[in-house]
Structure formats: C-alpha cells, structure tokens
Amino acid sequence: MITLAELNKITAEMFPSTHVTLPKILLAWSKQDVDNELGRVLEDTGLSISTLSMTMSSLVDKPADEDKELLTKCIIQVHGMPVDGWHLLKILVDTPGHRVTRAMIASGLNLNALRKKLTEYKSLPKVNVMAQHLHSMPAEENSIKKYGRDLIELAGEGIFDELCDREDVNRLIEVLMKKQKGNAVITGNAGVGKTALVELLAKRIVNNQIPDPLKDVKLFEISMGKLVAGTIYRGQFEKRMEELVEAAKACKPVILFIDEMHLIWGAGRAEGSPMDAANMLKPVLARGEIRVIGATTVEEYHQYIRKDEALARRFEELKLEEPSPELVVKMVSKQAVGLSAHHKIEISTEIIVKAIELADRYISNKFQPDKSVDLLDSSCVYVVSNGGTFIKEEDIINCVARQTGKNIAILQGDDRKSLQLLSKNLQKQIVGQNHAVDKIVETIIYRRQGIGATERNLGTFLFSGSTGVGKTELARILAREFFNGTHKLLHVDLAEYNGSDAINKLIGAGAGFVGHEKEGVLTGFLHTQTNGVLLFDELEKASKEIIELLLGMIDNGRICSAKGEVLDTRECIIIATTNSINKKNLNREQVGFGNTKESPDMMEMLSGYFPKELLGRFDELILFNELGTNELKAILKLRIDEAVERLEKKNIILKFEEGELISKLLEGLKRSKTGARGIARLLEKRILQPIAMAMLMRDDNSKPMTFDLNHNALEIVGI
C-alpha cells in the first residue's frame with residue numbers, strides 16, 4: 001500500500017505552502033488513489049471514495065492537535081518501519097473517539113466492516129515494503145544509504161513531526177544556497193538542537209516550505225562509524241569514501257549530513273599516511289561537486305576542524321545557541337506530545353513549564369531543550385512505574401532530586417524541623433559566636449525556601465577575626481549539621497594557592513598545559529558532591545585569578561572548568577576567612593567586647609584588604625568575637641566530654657574533678673597563646689598521649705581500665 005512518505009509528498013503538492021495535516025492526507029489520498037487501493041479497502045464499508053473526499057474537505061480548514069497526536073501514535077506503534085496507508089486507517093479504526101473517525105462514521109462508515117477489510121488486506125501475500133522501496137531506488141542512493149539514513153524519507157513518514165520550527169533553519173538554508181562555501185558546520189553545546197536543525201530542514205523540504213533551488217534536494221545522514229567499520233586493510237576505507245562521493249555526485253542535487261563532524265579528521269588514516277576522510281573530502285568540496293552539513297561542539301570544532309584551515313575555509317560556521325525561553329516552551333511542548341503517546345500518560349502545560357523551570361535551575365551541566373525533554377521523559381517513566389496516569393509537580397521534583405542529588409526548595413516534615421534546630425545545634429558546639437550563627441542560619445532558611453534569587457548560592461559569608469576564635473570550626477560543624485557529614489566540606493588553604501599556577505590547581509589546566517589530564521581540587525569536589533561547604537581559608541593570600549573566580553562563583557552560583565564545563569555551586573555554602581581585622585585592633589571605646597556601642601562598618605574596614613566589588617557580593621561580613629576565659633572554659637568542657645565519650649567506647653574510664661582539670665588545662669592554653677585552635681593539641685599532649693603510653697605498658701588491654709587524672713597524677717586502676 002502507498003507509504004505515508006508518498007502521501008505526504010502528494011499532499012504537499014496539492015496544498016503548497018501549508019502544513020500537512022491528517023484530513024489533508026486523507027483528502028489527497030482520495031483524490032489520487034493509485035491502483036484503487038483505498039477504494040478496494042472502503043468497498044462494502046458504507047463509505048465511498050467521493051464521500052470520504054467531501055468529509056475530509058470539511059475538516060481541512062480546522063486543524064487540531066489531536067490529529068498530530070494520532071499521527072505520532074501511528075508512527076510510534078510501527079516501531080521504526082515505514083508507515084503506510086494501512087497503518088493510518090488501522091489507527092483510525094482503533095481510535096473511534098477521534099474527530100476524523102467520528103466524521104467518517106457520521107458520513108456512513110461501518111467501523112466493524114472497515115476493521116474486517118483491513119484484516120483481510122493485511123493477510124494477502126505482499127513483498128517486503130522496505131525491500132521493495134530499496135529495489136526501486138537508484139543504485140547510487142542505495143550506496144549512500146548503506147552508510148546512513150535518508151532524512152527526506154523519514155521526514156515524509158512523520159518521524160520529525162514532534163520537532164518545533166525555529167528561525168535558525170533559515171540561516172542554514174541561506175548557507176546551502178550560496179554558490180561558494182555552500183557547506184555549513186553547525187556548532188553548539190550538546191543538547192541545543194544541532195541534529196534537530198538538520199531534521200527540521202528535511203521536514204521543510206518534504207512540506208515544500210523551502211526556496212526553489214533546494215526543492216528537489218535529497219538529504220542523507222552519513223554515519224562515520226559505518227564507513228570505518230570493518231576497514232582492516234589499507235585502501236578499504238579509501239574505497240568506501242570514493243564510492244560514497246561518486247554516489248553523491250551521481251545523485252545531484254544531494255546534501256550529506258555528517259553528525260559529530262570532528263570524526264572526519266583522522267578517520268581511516270593509516271600509520272605514516274596523511275590521507276583521511278577530511279583530506280578526501282577537500283577536493284570535491286572545493287569544486288562544489290557535493291554539499292555537506294556538519295555538526296559538532298564548539299570545543300571539538302576548534303580542536304579538530306578549525307586548526308585545519310584548508311578544511312575549515314570550505315565551511316561556514318553556524319553557531320547555534322540555546323533557544324530563547326519562549327521557544328524552549330514551544331519545543332518541549334512539541335516533544336511532550338510524543339512522550340505522552342509513547343508512555344500513555346497525560347502531560348499538562350503547567351507540568352511542561354515546571355519541568356523547564358526546574359531543569360534551568362538545578363541541571364546546569366546540560367542545555368535546553370534537551371535537559372527539559374529528558375526530565376519529562378524520566379518523570380513519565382517514574383509515574384508509569386508507580387501506576388500513575390498523569391504527572392504531578394512532586395513527580396518532577398522527585399526526578400530532579402534523584403538526577404542531581406540536590407535538595408529542592410520545597411520544605412516538608414523533617415526538612416523544616418532540621419532547619420528549625422540548626423541554630424540551636426550550631427550554638428551548642430560553637431561557643432561565643434551566637435551572632436555569627438544567627439546570621440548564617442537566617443540566610444540559609446531564606447534561600448532554602450526558594451523565595452529569593454535563583455542564581456545565588458545557599459549562602460556566601462566572609463568570616464573575619466583572630467586565629468583560634470572558631471571561623472574554620474564553624475564551617476566544619478555547618479557541613480556536618482546541615483549537609484550530614486564533614487565529607488561535604490572542601491577546605492582550600494589559600495596560602496597554598498598564591499603562585500602563578502594557583503588557578504590551575506583549583507579548576508584544572510587547559511589542554512596543552514602541564515597537568516591538563518588532572519582534575520582540579522574545586523572542580524573535582526563539585527563533580528562528586530552536588531552540595532556542601534566550600535571553605536576558602538586566609539582570603540588575603542589569594543591570587544588575583546582566584547579572587548576573579550570567587551567573584552563569578554558568588555555572583556551567579558557557577559564556575560567554568562579549564563575544559564569549558566559549567567559546574568553548579570548554587571546548592572553550596574561558600575565561606576571565606578581572613579585574619580586581616582579582629583576585635584583586638586578595633587577602638588574598644590566604640591566597639592567593646594560584649595558591650596558593642598556602635599556596629600563596626602565591616603565593608604569600610606575590609607576594603608583596605610579586598611576589592612569592594614568582592615565584599616559587596618557576600619551575603620554577610622561577620623566579625624568574630626575574641627574568646628575570653630569563660631568561652632575557653634566552655635570549649636575545654638566540650639572537648640573533654642567528647643574525649644570521655646570516645647574513651648568509654650574502648651572500655652576506658654577517666655576519673656577527674658572537672659573544674660580542677662579545666663583550670664590546669666587553661667593555664668597551658670594561655671601559655672601557648674593559640675586560642676581555641678590549640679585545645680585539641682593540648683588534650684592530646686596532656687591526657688591522651690600519656691594514656692596511650694600507659695596502655696602500652698600493660699600486659700592485657702582487653703580488660704576495662706580506669707585512669708585517675710585528679711591532682712595532676714595519671715594513675716591506672718585495673719577493674
């Protein structure tokens with residue numbers, strides 16, 4: 001029976017400069033019924049050819065989305081084989097509620113009679129449709145199809161009907177119509193629609209929506225993998241390339257489309273020989289004997305194609321950017337029709353818009369429209385797997401969370417409770433800095449609820465103060481309490497990053513530089529962790545390049561690696577620390593410890609050390625208090641309690657008078673002048689190391705032990 005591709009061609013000729021629709025296809029078929037196939041099928045069904053023609057004429061000027069959905073469903077059900085008129089009639093019979101089927105029934109069609117006639121027609125012996133098509137094709141076209149696919153044929157079958165038209169196709173057409181350099185290379189990031197642009201060109205050719213010079217052009221996609229596959233010996237690849245080029249020249253007008261075009265550079269090259277696919281194409285491209293469209297990423301274009309000037313000058317680069325937000329909605333909506341038919345699930349316009357919004361916010365390493373379509377597809381699978389019939393907002397959110405590992409900004413249950421308790425938990429462990437904890441928690445709660453700017457990090461803070469007041473410790477505790485583990489903390493000591501190669505250590509080295517194969521410290525963390533605390537210690541020692549990196553990261557929540565990959569930091573908390581100013585060097589009459597008369601102007605004080613442009617981008621500039629005797633005693637008590645708890649797990653019991661022990665340790669701490677930073681080392685030196693040595697001298701450490709620390713004496717009592 002006549003194929004859908006042939007029906008599309010007939011319809012395009014009958015209705016030039018308009019879109020091909022289902023009623024137009026049936027009307028065109030009824031007007032040009034080759035070999036009376038349609039007439040024989042409709043015989044004795046109550047619907048004649050002339051009645052069908054009149055019925056479809058009344059629907060031609062009333063296009064409907066359900067017509068596109070039915071055609072899409074028909075193509076999907078055939079599983080990639082050529083669709084013909086039988087499939088079209090069968091899907092109409094199986095969809096009695098469709099407006100076209102209802103109109104045919106109203107005109108006298110007996111649906112059961114047509115179903116029976118279709119069954120009888122299918123049982124008649126037939127030759128293979130695809131084999132018959134290939135046999136009828138010119139030998140040259142067969143030679144091309146061995147290494148690729150016929151995009152015009154696929155467009156005629158409606159395979160590309162889900163693609164939304166875009167203005168960039170006009171730019172491509174203009175390049176192809178040029179007398180010189182009539183070859184295009186489409187460059188752009190993965191997922192922006194480079195291949196789809198060529199498929200749209202095929203769709204326009206089939207629908208006769210193209211200038212006259214390109215109306216009869218043939219368009220084939222060539223697979224470099226098929227060309228190279230099995231070419232073991234010298235000369236085999238060259239022979240295939242020659243066969244392909246000669247076939248293309250004989251099939252004029254023809255355009256060859258090479259996806260992943262950078263693969264032609266070096267393809268088929270034998271050791272010691274410069275001949276590859278690129279060098280074999282250069283002469284025929286220079287003479288204008290064939291036209292070629294290539295597609296590749298910007299990076300690969302410059303790495304492989306652009307550096308070969310003889311090859312690059314035969315092409316005009318067509319840069320394809322991410323589509324505008326309005327076009328993304330149209331493109332994803334088109335794709336959603338096919339997803340809905342495939343998964344047999346409802347996808348509303350509101351869900352499409354929500355998927356685009358969430359993909360833009362949380363999936364930063366991919367590009368539109370691909371990432372939104374992929375998210376919708378995953379959501380369909382998720383819903384169908386759970387027995388649902390339509391996608392809800394929470395289904396999309398769950399899929400984003402599973403794909404990215406990120407918390408989505410809708411607080412429920414345990415999330416709310418953990419945020420409410422965060423301030424209290426931090427203040428228990430960080431002594432004397434309640435004002436710092438309050439500012440941090442307020443910012444995180446505000447950002448976590450998703451009511452602020454979407455391009456900012458969860459929080460960005462600059463901690464200033466003396467050594468040992470708890471700046472680094474607060475970052476560590478925050479990672480543990482808010483992100484459930486200190487593995488979520490990246491500690492970058494900027495004293496180690498002030499050389500000329502400092503930026504390379506963080507984001508990796510560019511191609512061609514020493515160490516380019518190694519991962520940067522910062523980019524490596526972001527590849528493995530989707531959220532966490534990024535701590536940049538001693539900011540005053542940072543190089544100019546690192547300051548510029550921080551400017552971009554704090555401003556828009558993203559960084560770019562040396563390889564050009566965009567990484568997202570919007571689910572991270574960024575903390576920088578500095579010792580540049582502290583409470584000691586402030587005027588105590590104006591800013592007294594514990595009795596602040598006037599808030600210090602942090603921006604003014606720090607601007608002598610850092611650019612105001614950087615300072616203005618932090619959410620909070622926080623000056624840490626100096627720790628007095630009471631604060632140091634409280635921290636000592638915390639650390640002693642932690643040590644006691646660890647030792648008890650090993651059947652080791654400490655006996656001591658708390659006040660006396662803390663006083664003795666405090667004396668040693670004041671002599672060392674290290675502040676709270678020296679407490680851990682002091683406990684090790686004065687208590688834990690002597691205990692370890694005492695345990696070493698015992699013959700049997702399996703029994704519980706008691707260590708008496710009273711009166712500065714370390715005595716062991718076996719139990």
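Colleague: Is the crossing of α31 and α33 right-handed or left-handed?

Modeller: Right-handed. Bear in mind that this is a predicted model.

Colleague: At what angle do the axes of α31 and α33 cross?

Modeller: Roughly 40 degrees. The axes come within 11 Å. Helix α31 covers residues 629-648, and α33 covers 679-697.

Colleague: Which residues in α31 and α33 meet?

Modeller: From α31, L632, I635, L636, R639, I640, R646 and L647. From α33, I679, L683, L688 and I691.

Colleague: And how does that contact of α31 with α33 split by class?

Modeller: It has 9 nonpolar and 2 charged residues, with no polar ones.

Colleague: Switching topic. How do α21 and α22 pack?

Modeller: At an angle of about 110 degrees, with the axes 9 Å apart. Helix α21 is residues 370-385 and α22 is residues 393-404. The angle lies in the 65 to 115 range, so α21 is roughly perpendicular to α22.

Colleague: Which residues make the contact?

Modeller: On α21, D374, L375, L376, S378, S379, Y382 and V383. On α22, D395, I396, N398, C399, V400, R402 and Q403. By class, that contact has 7 nonpolar, 4 polar and 3 charged residues.

Colleague: Now α1. Which residues are buried there?

Modeller: L4, A5, L7, N8, I10, T11 and A12. The helix spans residues 4-14.

Colleague: What do the buried residues of α1 pack against?

Modeller: Helices α2 (22-31), α6 (85-93), α11 (151-156) and α13 (194-206).

Note on methods. Residues numbered from 1 in each chain as written. Predicted model: local features only at pLDDT ≥ 70, side-chain atom pairs only at ≥ 80, totals over all residues. Heavy atoms only, no water. Buried < 20%, exposed > 50% of the residue type's maximum accessible area, 1.4 Å probe, protein only. Helix = DSSP H or I, 4+ residues; strand = E, 2+ residues; numbered from the N terminus. Contact = heavy atoms within 4.5 Å. Axes fitted to C-alpha atoms, helices over the stretch in contact; angles between N-to-C directions. Parallel < 35°, antiparallel > 145°, perpendicular 65-115°, else oblique. Nonpolar A, V, L, I, M, F, W, Y, C, P; charged D, E, K, R; others polar. Left-handed = near helix turned anticlockwise from the far one by under 90°.
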